[in-house]
Every structure is written in structure tokens, then in C-alpha cells.
Amino acid sequence: MATTDRQATTLALAHALSAAERGLAVIPLSRTKLPALRSPHHDDPSPPAGEAGAVNPAGPRCHGECGRLGHGVYDASSDPARIRELFAAAPWATGYGIACGLPPHHLIGIDLDTKSGTDSSSALRELALRHLFTIPETVVVLTPSGGRHLWLTGPPDVVVPNSASRLAPGIDIRGAGGYLVGPGSRTDHGLYGAAPATAHLAPAPCPPSLLRLLLPPPRTNHPTPTSTGQHGQGLVQFVLAAHEGQRNTRLFWAACRAYENDIGPALIDPLVEAALGTGLSEREARATIASAARMTGHRP
């Protein structure tokens, strides 16, 4: 490995450990901004859909249950020993990614791109004026291409999905299951760095009006509210199939769909019962469902 690459790896590890001290979970990245560790299932034959460890897109993927490294953002950790292990397995890493959506910060990344001639900063300002919110002072990371990453925090019981240009051209969102390139990372295009005036800040809470925009749009089809029907049973089964680490996520998603389809009140008890079967407490389950009701404009 060239001396410059060794130095970049050493610096990336140092920055990653510093981020971990702030409670951020990290993974090593290559110069392409992709996770540095190759999936241990890359060359595995695809088992039938539904079988554990399936890498077939039609079936469930392993999120690290196999115990090996190489599961991308699912490897993310704030434990220094684990981070050193990850970087030791990827000595070619020159950067690090910060996982979004995880406690304690439940990070949300607003990626303002400058490619394709888009003015994403102006688009964000227009959204702020239209929906009556103000972007608070928060961490800003400057990208090599002239873009910016704004770091915000979300409520612990709200799952913000990843999206690309859904809000406006050039505005990408990094939420649950996504990651942000950390400041101090070196890529093929240059260095990522925190804006000097924001490096000392903690990520600020996401304004409620903006948070509502980041959630999936409600569905337009509304079955009769008198019966939960097949759709309601499907949502309950969706929650029952949750593994540890995705129980709240699945419950929140299912509750949002239930309220959007006017079967939320009728489905509260079945969803709570399903959540209890996955290991959540009744208090956690009801709080998550109540949050879904508020986010979809209903009274808990």
C-alpha cells in the first residue's frame, strides 16, 4: 500500500473513533464511498427465497446474523474495539461512513447536491418558505464536489426512509439503513470536511414540518373503515416477522399504513399484540403506534 494510502487509512480511523466518541456508529469506506468490506455472501449460491442468509433480491438478506464482517451499514458500531476490527479487516479504507437512524442521535442526513446544474440549496429554502420551517444551526459537512450534508436528528420512534430527489431535484435524504460520508474521509474526488463554524455543534433536531415531508407519502386507496380485511392481516404479519433491530421500524411502518388506510384505530390492539410477540413491551408498542398516528395526521 502506498504511504499516502496508509496515512489516509490512519486518519480515517482516527476520525471514525472521534465520531464514535460522540455516539455515532461508523463503518470503513473505500475511495469510492462504498463500504470497504466485501459482503461475505457475494459468492454464495442464492438459497430459496425466505431461507436464512438469502442474497437473492427476492428473499431476505443477511444483516450480519452470520457473525461475519461485510454487511455494510449493518456492521456500523460506536465501540472502539469493533471499529478497530473493521478497519483492520479493510486496510485499504480511506474514509468512514456514519450510519443514520440509529440511537442515540437517530441521524437524518440532508444531502444537497450540486451535480447536473441543480441549485439544491435554493430548493431547500423554497421548501422552508412554503412549509414554514427553518433549518437550525447544525453540523454541515462540505463535499469535494461543492455540495453539503446537513446533519439533523429525528425522534427515536420515527423511521425516515432514504430517498433521492423526492423532495426536490438535488436533495437526497439519508435515513434508516443509509449512511453519510464522515468528515475527514478521503475519496477519489477529494476530502470531506466539516464546515469550520459548525464542527463544534451537535446535530440539531429536525423541524417537525420538514420531518413530515421526509416520511413516505400516504397511499390514496382507502378500504372501508369498518373492517381491517386482508390488508390489516398483512400488516400484522409484517410486524410478526420482525427480527431484533427492526421491530420498531416495522411496527411504525405498519401503523402508518394502517392509519393512511383508515384502519388504524381498529388495528391498534392486533398490532400491539404482534409487537409483544416480537419482544417489544406494550409501552414501547403503543408509543410507536401513537407516533405513527401523529405523523399521518390522526389523533392517537
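Is W253 buried, partly exposed or exposed? W253 is partly exposed, with a relative accessible area of 33%.

## Overall make-up

The model is predicted. The protein contains eight helices and 12 strands. Of its 300 residues, 46% are buried.

## The aromatic pair

One aromatic pair is found in a search of the whole structure. Its rings belong to F238 and W253; their centres are 4.9 Å apart and their planes stand at 50°, so the pair is tilted.

F238 has a relative accessibility of 27% and counts as partly exposed. W253, at 33%, is partly exposed as well.

## Helix α2

Helix α2 spans residues 80-89, and I83, L86 and F87 are buried in it. Viewed down the helix axis, these buried residues fall within an arc of 95°, so they line one face of α2. The face turned away from that buried side carries A81 and A88, which are exposed.

## The second largest pocket

The second largest pocket has a volume of about 400 Å³. Its lining consists of 21 residues, and those nearest the pocket centre are K33, D111, K115, H149 and Y192. By class, the lining is made up of seven nonpolar, seven polar and seven charged residues.

Several strands contribute to this lining: β3 (107-112), β5 (148-153), β7 (171-174) and β8 (179-181) each supply at least two residues. The largest share, three residues, comes from β8.

## L180 in strand β8

L180 lies in strand β8. With a relative accessible area of 1%, L180 is buried, because the cut-off for that class is under 20%.

Apart from neighbours within four places in sequence, L180 is in contact with Y96, G97, I98, C100, L107, G109, H149, W151 and R174. One of these contacts, H149, is also among the residues nearest the centre of the second largest pocket. The C-alpha atoms of L180 and V141 are separated by 9.5 Å, and the two residues are 39 apart along the chain.

## Backbone features in two loops

The loop between β2 (95-99) and β3 holds P104. A cis peptide bond joins P104 to P103, with omega about 5°. H106 is found in the loop between β2 and β3 too. H106 is not a glycine, yet it has a positive phi of about 50°. Its relative accessibility is 14%, so H106 counts as buried.

A positive phi also occurs at S165, about 60°, although S165 is not a glycine. S165 sits in the loop between β6 (163-164) and β7. At 37% relative accessibility, S165 counts as partly exposed, whereas H106 is buried.

Definitions and conventions
Residues are numbered from 1 along each chain as its sequence is written. This is a predicted model: local features need pLDDT of at least 70, side-chain atom pairs count only at pLDDT 80 or more; totals for chains, interfaces and linings use all residues. Side-chain values use heavy atoms; hydrogens and water are left out. Buried means under 20% relative accessible area, exposed over 50%, partly exposed in between (1.4 Å probe, protein chains only). Helices (H or I, at least four residues) and strands (E, at least two) are DSSP runs, numbered from the N terminus. The arc is that of the directions from the helix axis to the C-beta atoms. On a 1 Å grid over the protein atoms alone, a cavity is a set of points where a 1.4 Å probe fits but cannot get out, and a pocket is an open set with protein on both sides within 12 Å along at least five of seven lines; lining residues have an atom within 4 Å of a point. Grid points are joined across faces, edges and corners, and a volume is the space filled by probe spheres set on the points. Ala, Val, Leu, Ile, Met, Phe, Trp, Tyr, Cys and Pro count as nonpolar, Asp, Glu, Lys and Arg as charged, and the others, Gly among them, as polar. Contact means heavy atoms within 4.5 Å. Rings of Phe, Tyr and Trp (its six-membered ring) pair if their centres lie within 6.5 Å; planes under 30 degrees apart count as stacked, over 60 as edge-to-face and the rest as tilted.
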